[in-house]
Amino acid sequence: MNNNFEDFVEHLIRLTTPDEAGVRRLPPERDLCAALDVSRATLREHLAMLENLGVLHRRQGHGSSIEASDASFIRTSFSLMRRLGYLSDAEVTRARELIEGAIAGEAARRVADADLDDLRRFATDIVRESSAGNDDAALDADLAFHNRLYEIVDNPILTMLNEGLSPVLREHVRSRRALAMRADPKKSDGPIVTDTVHQEVVDALASRDPERATAAMRKHFVDYELLTTNTATPGDLS
């Protein structure tokens, strides 16, 4: 076998043995080196990479096993990209608009009455906390609203992406909310315009109409752009 890391992982998985709990356990290092035709140094280097990714787990007295990782390595990657300047606010906003528009459309097909109750509560909390000047509580409710949509869709790839982006999204939404609050000339003591759009998203989801839900989520982002750039009246999408 060559030293390509992807090939190594594929062959490694084939050599694992699932136990009764479904955990895939690795053979001893000596056996792995022989089966994979790699040196012990190369084997340990690749295993260390898998451990850093949260895929490989070592337990004293139980050996090593391979399991599906959580979103920690994605969170680290996106956070580094953000800190190093590879993810701009505009890029994050556009990615959210594309992804969350699709999320809203799919959620409209799956949403249950209990989900709508949760979303309505979050939407109400956003407006109430924003109006009271409780910025952190409003931020938490805002993020909870959007996270709930991912939970409704329940797609493991999208869930992993959302969890991986969570630190970046929190920072991003915080800055968006601060900018929108400064830009809103109408209700200095009330909710910002883009807060009230969350209820429109809930109403669209309640209709179980995917196109309407997608449009409502798009309006959420368009209203923000209109509000913060002062190019038109927020809500005027004609």
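Modeller: Glu 10 has a relative accessibility of 39% and therefore counts as partly exposed, and this, like everything that follows, is read from a predicted model. The side chain of Glu 10 meets that of Arg 14 in a salt bridge, with 2.6 Å from N to O. Both residues belong to helix α1, which covers residues 5-14, and they are four residues apart, about one turn of the helix. Arg 14 has a relative accessibility of 58%, so Arg 14 counts as exposed. In general, side chains of opposite charge can pair when their charged atoms come close, and the structure holds 25 salt bridges.

A second example is the salt bridge in which the side chains of Arg 40 and Glu 29 meet, at 3.7 Å from N to O. This pair links distant parts of the chain, since Arg 40 sits in helix α3 (residues 40-52) and Glu 29 in helix α2 (residues 29-36), eleven residues apart. Arg 40, at 38% relative accessibility, counts as partly exposed, and Glu 29 is also partly exposed, with a relative accessible area of 22%.

Asp 115 and Arg 148 form a salt bridge in which the closest N and O atoms are 2.6 Å apart. Because Asp 115 is in helix α6 (residues 113-131) and Arg 148 is in helix α7, the pair ties together parts that are 33 residues apart in sequence. Asp 115 counts as buried because its relative accessibility is 13%, a value that falls under the cut-off of 20%. Arg 148 likewise counts as buried, at 15% relative accessibility. The pair is also part of one network, in which salt bridges that share partners join Asp 115, Asp 118, Arg 121, Arg 148 and Glu 151.

Helix α7, which spans residues 135-153, also packs with helix α5 (residues 89-110), at an angle of about 55 degrees and with the axes 9 Å apart. The two helices are therefore oblique to each other, and the crossing of α5 and α7 is left-handed. On the α5 side, the contact is made by Arg 96, Ile 99, Glu 100, Ile 103, Glu 106, Ala 107 and Arg 110, while α7 contributes His 146, Leu 149, Tyr 150, Ile 152 and Val 153. Sorted by class, this contact of α5 with α7 has seven nonpolar, one polar and four charged residues.

Helix α9 (residues 193-206) is another partner of α7, and the axes of these two come within 12 Å and cross at roughly 20 degrees. That angle makes α7 roughly parallel to α9, and the crossing of α7 and α9 is left-handed. The residues making the contact are Asp 142, Phe 145, His 146 and Leu 149 from α7, and His 198, Val 201, Val 202 and Leu 205 from α9. By class, there are five nonpolar, two polar and one charged residues in the contact of α7 with α9.

Key:
Residues numbered from 1 in each chain as written. Predicted model: local features only at pLDDT ≥ 70, side-chain atom pairs only at ≥ 80, totals over all residues. Heavy atoms only, no water. Axes fitted to C-alpha atoms, helices over the stretch in contact; angles between N-to-C directions. Parallel < 35°, antiparallel > 145°, perpendicular 65-115°, else oblique. Left-handed = near helix turned anticlockwise from the far one by under 90°. Contact = heavy atoms within 4.5 Å. Nonpolar A, V, L, I, M, F, W, Y, C, P; charged D, E, K, R; others polar. Salt bridge = Lys/Arg side-chain N within 4 Å of Asp/Glu carboxyl O. Buried < 20%, exposed > 50% of the residue type's maximum accessible area, 1.4 Å probe, protein only.
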